[in-house]
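Please read them with the coordinates open.

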Amino acid sequence: MLLKDKFFTVLHEERITANDAVFLCELKADCDVYRGHFPDKPVSPGVCNIEMIRECAEMLIGQDLLIDTIKQCRLTAVASPSICPKVDVKVTVARVEGTENYNIVASIADALTSYMEMKATLKVKE
Amino acid sequence: MLYQNEELFRLMPQRAPIVMVDKILDAEGDTAHTGLTVGPDNYFIEEDGRMAEPGLIEHIAQSASAFKGHKALQAGEPLPIGYIGEVKKFHCYVRPAIDQELTTTITLGAEVNGVTLMTGETRCGETLVADTQMKIFVE
Amino acid sequence: MTKEEIIEKVNPLLAEEFEVDESDITPDAVIKEALELDSLSLVDLVAVIEHTFKVKIPAADLPTVKTFADLYNYIESHQA
């Protein structure tokens, strides 16, 4: 995985059902991405949060997944390791009937703030 | 070619290791063409040598950011710092490989209270790589 | 375009774009509430109107467009 244990680490994993889990993740302040995003102003890149969701979905399903489409992804607040050192990444998956694809609904939030909501279709990597 | 490599740093705040656009080919009105050569050290290259899809989203977002920076520079305005507010109808058709040349068309649309609607379409040669709608939020 | 034609055209488009029931779109309803608009999605409304009717609603005019009736009037009086 591209960003696991580099941009984030999973502190705790709560499986609600086989299709539904919450990953408590720590955003790592020492990740090299903050050298450039932005110099002197560390902000977690929205696309890294999207990648974090993908990697959590891979852990939930236990297969490598590609992002086929993102129907909608709203970035509702600025995130960074100092603003939100720990976040809940909530992922719900549903198999798209007759295909190898999964529809996923995911969110990144802490107790006070929602940072991201995403609806996407992921496909199993061959 | 309007800008390439470090010249783009005049237009956008992102720096290594997450610079995902390396040229603006042309810009006219609300449309610009940008490019990226996918280097082996690109931040989003996966173990199989292909770029992860979020890298394409970042490429399109930074292309728009640099284009807006170019417009600000032309107008003598301060450089805007833009964040992605929303990604909508993103579709990845193929993940680019190392050494491939990406070319992207950015079209800016309506703007309300610092939120700009835009579309981006990325190709490698004639092959469609990804397309998306996006909202860029400027602080 | 007459106001009736505008209403007939714009209501289904808004219902589709904002995923609401067309029956929620009534002349007296407040747009922001009916379409659940926030700071991010306001621009989608402006874009739909601009794309469909070639009518640009500048940010300065937005506070005057509160209800759907206001919107229909705005489009009617600003169309080319």
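1. C:Ala15 lies in helix α1 of chain C. The model is a predicted one. With a relative accessible area of 11%, C:Ala15 falls under the 20% cut-off, so this residue counts as buried.

2. Setting aside residues up to four places away in sequence, C:Ala15 touches C:Val20, C:Glu22 and C:Ile25.

3. Helix α1, residues 3-17 of chain C, packs on helix α3, residues 42-53 of chain C. The angle between them is about 140 degrees, and their axes are 11 Å apart. Angles over 145 degrees would count as roughly antiparallel; α1(C) and α3(C) are therefore described as oblique to each other. Their crossing is right-handed.

4. Which residues of α1(C) and α3(C) make this contact? On the α1(C) side they are C:Ile6, C:Lys9, C:Val10, C:Leu13, C:Leu14 and C:Glu17. On the α3(C) side they are C:Asp44, C:Leu45, C:Val48, C:Ile49, C:Thr52 and C:Phe53. By class, the residues of the contact comprise eight nonpolar, one polar and three charged.

5. C:Tyr72 belongs to helix α4, residues 68-78 of chain C. Its relative accessibility is 2%, so C:Tyr72 counts as buried.

6. Beyond its neighbours within four places in sequence, C:Tyr72 is in contact with C:Lys3, C:Ile6, C:Ile7, C:Val10, C:Asn11, C:Ile25 and C:Pro27. Among these, C:Ile25 is also touched by C:Ala15. C:Ile6 and C:Val10, likewise in contact with C:Tyr72, take part in the packing of α1(C) with α3(C). The C-alpha atoms of C:Tyr72 and C:Leu42 are separated by 17 Å, at 30 residues apart along the chain.

7. For the chain as a whole, the count is four helices and zero strands in chain C. Read from the N terminus, the order of elements is α-α-α-α. The radius of gyration of chain C is 11 Å, close to the 12 Å that the globule rule gives for 80 residues, so chain C is as compact as a globular protein of that length.

8. The C-alpha trace of chain C spans about 30 × 25 × 20 Å along its principal axes. Of its 80 residues, 44% count as buried. Taking contacts in chain C between residues at least 6 apart in sequence, 57% join residues at least 24 apart.

Conventions. Residues are numbered from 1 along each chain as its sequence is written. Chains are lettered from A and ligands numbered from 1 in the order in which they are written. This is a predicted model: local features need pLDDT of at least 70, side-chain atom pairs count only at pLDDT 80 or more; totals for chains, interfaces and linings use all residues. Side-chain values use heavy atoms; hydrogens and water are left out. Axes are lines fitted to C-alpha atoms, for helices over the stretch in contact, and angles run from 0 to 180 degrees between N-to-C directions. Helices (H or I, at least four residues) and strands (E, at least two) are DSSP runs, numbered from the N terminus. Angles under 35 degrees count as roughly parallel, over 145 as roughly antiparallel, 65 to 115 as roughly perpendicular and the rest as oblique. A crossing is left-handed if the near helix is turned anticlockwise from the far one by less than a right angle, and right-handed if clockwise. Contact means heavy atoms within 4.5 Å. Ala, Val, Leu, Ile, Met, Phe, Trp, Tyr, Cys and Pro count as nonpolar, Asp, Glu, Lys and Arg as charged, and the others, Gly among them, as polar. The radius of gyration is taken over C-alpha atoms; the globule rule is 2.2 Å times the number of residues to the power 0.38. Buried means under 20% relative accessible area, exposed over 50%, partly exposed in between (1.4 Å probe, protein chains only).
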